[in-house]
Amino acid sequence: QVQLVESGGGLVQPGGSLRLSCAASGIVFSIIAVGWYRRAPGKERELVATINMWGATNYADSLKGRFTISRDNAENTVYLQMNSLKPEDTAVYYCNAGPAPTLGTSLGYWGQGTQVTVSS
């Protein structure tokens, strides 16, 4: 059974940083792509970043330079480093994994999400 468990969310002040983790089990982690997505209150889910099996990354244009996705295949974990956080980054952040064409779709595997709140 595939499980994705996100952690690292919380409350942070504007300008602060957080690092989210997505720990995977039940899947051959090294050969899958992984993405972070987020859903803000009242908005549609949107792409944050993806990383493929070779480590190539892709980011939402609006987040380039502030967010960094990385993976540690030895630990079956993907990270999302978020810097210079803004109130508009407040959302539930979801980890998504699977073959690259399935990212962002119901065909991939999804975690339960972790809440990130940016507020003073």
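The exercises below treat salt bridges, a disulfide, a sheet and the surface.

This is a predicted model, in which local features need pLDDT of at least 70 and side-chain atom pairs count only at pLDDT 80 or more, while totals for chains, interfaces and linings use all residues. Residues are numbered from 1 along each chain as its sequence is written, and side-chain values use heavy atoms, with hydrogens and water left out.

**Exercise 1. Salt bridges**

Task: Determine how many salt bridges the structure holds, and describe those of Arg 38 with Glu 46 and with Asp 89.

Solution. 

Step 1. A salt bridge is a side-chain nitrogen of Lys or Arg within 4 Å of a carboxyl oxygen of Asp or Glu. The structure holds four salt bridges.

Step 2. Arg 38 meets Glu 46 with an N to O distance of 2.6 Å, and Arg 38 meets Asp 89 at 2.9 Å, N to O.

Step 3. Arg 38 lies in strand β4 (residues 33-39) and Asp 89 in the loop between β8 (77-82) and β9 (91-98), so this pair ties together parts that are 51 residues apart in sequence. Strands (E, at least two residues) and helices (H or I, at least four) are DSSP runs, numbered from the N terminus.

Step 4. Buried means under 20% relative accessible area, exposed over 50%, and partly exposed in between (1.4 Å probe, protein chains only). Arg 38 is buried because its relative accessibility is 7%, whereas Glu 46, at 37%, is partly exposed. Asp 89 is buried, as is Arg 38.

Step 5. A network of salt bridges links Arg 38, Glu 46, Arg 66 and Asp 89.

Step 6. Another salt bridge joins Lys 64 to Asp 61, with 3.2 Å between the closest N and O atoms; both of these residues are exposed.

**Exercise 2. The disulfide**

Solution. 

Step 1. A disulfide is a pair of cysteine sulfur atoms within 2.5 Å, and the structure holds one.

Step 2. The link is left-handed, with -75° about the S-S bond.

Step 3. Cys 22 counts as buried because its relative accessible area is 1%. Cys 95 is buried as well, with a value of 0%.

**Exercise 3. An open sheet**

Task: Give the order of the strands in the open sheet and the sense of their pairing.

Solution. 

Step 1. Strands of a sheet pair through backbone hydrogen bonds, either parallel or antiparallel. Here, two strands pair if DSSP finds at least two bridges between them.

Step 2. The order of the four strands is β1-β3-β8-β7, with antiparallel pairing. At the edges are β1 (3-7) and β7 (67-72), each of which pairs on one side only.

Step 3. Between β3 and β8 there are six bridges, in the antiparallel sense. Leu 18 has Met 82 in β8 as its bridge partner.

**Exercise 4. A surface residue**

Task: Decide whether Ala 74 is buried or exposed, and state where Ala 74 lies.

Solution. 

Step 1. Ala 74 is found in the loop between β7 and β8.

Step 2. Ala 74 is exposed because its relative accessibility is 72%.

Step 3. From Ala 74 to Pro 87 the separation is 13 residues in sequence and 34 Å in space, C-alpha to C-alpha.
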